[in-house]
Amino acid sequence: MKNTRRNFIKTAALAGAAVAIRPVPIFANGLPSKKINVAVMGVRSRGLVLAQNFAQMPDTEVTWLCDVDQQYLDAGIADIAKLQKRPPKGEKDIRKVLEDKDLDAIVIAAPDHWHTPAAILGVKAGKHVYVEKPCSHNPREGELLVEAQRKYRRIIHMGNQRRSWPNVVQAMDELHGGVIGKVYFAKGWYANNRQPIGFGKEVPVPPGLDWELWQGPAPRTAYRDNVHPYNWHWFWHWGTGEALNNGTHEIDVARWGMGQEYPSRVVASGGRYHFHDDWEFPDTMVLTFDFEDGRTMTWESRSCNVHPIEGDGRGNLFYGEKGTMLVIGNGYKIYSNDNPVKLLREVKPAEAAANSTNAASPDANLDGVHIKNFLDAVRSGQPSNSPVAEGQKSVLMCQLGNIAWQTGRVLNIDQRNGHIVGDNEAMKSWGREYERGWEPVV
Ligand SMILES: NC(=O)c1ccc[n+]([C@@H]2O[C@H](COP(=O)([O-])OP(=O)(O)OC[C@H]3O[C@@H](n4cnc5c(N)ncnc54)[C@H](O)[C@@H]3O)[C@@H](O)[C@H]2O)c1
């Protein structure tokens, strides 16, 4: 078989399907033979890559692009027009897009403060949702999102694409099957060389940008010149810092590999060490999660020092009684616990090496497997590889890490619901204030 992108997605999806557990359907009457119409919200960077990928899926059409900044909307429409028969329609207000009765699903790649509010609007309008990670801006939104998914019985699939990467799925199966014995410590890491964002100045809103809609659910602030695009990631008001921006991926893989639900104790250290500017989150961070069964996980990030660990800017290590597993990209290695260690087995990715720290898409082929899984779930009514109730547990760990860092305290966690125990001050960060009239309501 010729090694085309489509063939790769097909074989990779089959490999994932062989090991996936298929529990109770989300809804009974799927869309088995229907073409799926998709709208993509936020198309400057990640959203454009997703739109390109959706447009190339069989029996799928990107019928809308939605962006509050006209320049990205126009560029996105021109780009997607080259990939399908008709150009998508353009609109800046997602609420208008959701009025389209022929629309089946929305893909949310707007800034983080929009993720849960837009996803709730989406399922209320009867649409399925592919929501980029992190699915929520704060823990309360995660609870609302899970509630909305259960109430409206639509697919809400989070963009933590490793859940569909065939070799990562296989690695997790091997861990669960005891390939390195009991895993008592897992770690994840992320390293990049991000540049400073300076000190923002209040300036007039640039022509073509609807700042009111950009802010949406977030309380209003004057427009400043170092927020949109992209740098909103580093402000609490809209963003969630590196812990959720990139930590979500490796913390999710570590939690998955260890088979954990909620941590019992969360500790955070770090700071904004590298540059002096408006950036409000740590650029260097170590999170430690202890679990009730006496096992431990850590995540290390360096946003401004790119020095790799195990030869890569991101990855996971699992340490067990019988050996160690290293997971990087869509590949893994198993080592013995001899001194010196021996490489016992290596599973190499079939596709070309990914650029692990590319900000828009480390690997479009691998994104495609996760997108195909979402479309399959929309067609069949079966849960996807990344149902939001699971995704939110990993997102919550990252949020707890940020709250532990913000308060400077060790957090103790209620095992029933992930809430912080005995610290009312820390629990104040469980939710957020909304702009009046924009509160998400399930
Ligand atoms: N899964 C992954 O690997 C991955 C990779 C990159 C980014 N992401 C996620 O994708 C999201 C977007 O990140 P980015 O780097 O593309 O950000 P960005 O700032 O470059 O782009 C966001 C786009 O959303 C638009 N936007 C803002 N408010 C909007 C609204 N109300 N309606 C429609 N459009 C709106 C902006 O104009 C901009 O075009 C983030 O949540 C990020 O975490 C995920």
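Helix α2 (residues 46-55) is largely enclosed by the rest of the structure, because eight of its 10 residues are buried. Here, buried means that 20 or more other C-beta atoms, placed from the backbone, lie within 10 Å of a residue's own, and helices (H or I, at least four residues) and strands (E, at least two) are DSSP runs numbered from the N terminus. This is a predicted model, in which local features need pLDDT of at least 70 and side-chain atom pairs count only at pLDDT 80 or more, while totals for chains, interfaces and linings use all residues. Residues are numbered from 1 along each chain as its sequence is written.

The buried residues of α2 are R46, G47, L48, L50, A51, Q52, N53 and F54. Their cover includes the strands β1 (36-41), β2 (60-66) and β4 (105-108), together with the helices α3 (70-81) and α11 (364-380); contact here requires C-beta atoms, placed from the backbone, within 7 Å.

Turning to the ligand, α2 and α8 (211-215) each supply at least two residues of its shell. Of the 30 residues around the ligand, G42, R44, S45, R46 and P229 come nearest, where near means a C-beta atom, placed from the backbone, within 6 Å of the molecule. Domain 1 (5-163 + 367-387) and domain 2 (166-195 + 224-356 + 390-430) each contribute at least three residues to this shell, with bounds from an automatic or database domain assignment. By class, the shell has 16 nonpolar, seven polar and seven charged residues; Ala, Val, Leu, Ile, Met, Phe, Trp, Tyr, Cys and Pro count as nonpolar, Asp, Glu, Lys and Arg as charged, and the others, Gly among them, as polar.

Methods. Buried ≥ 20, exposed ≤ 12 C-beta atoms within 10 Å, placed from the backbone. Contact = placed C-beta atoms within 7 Å.
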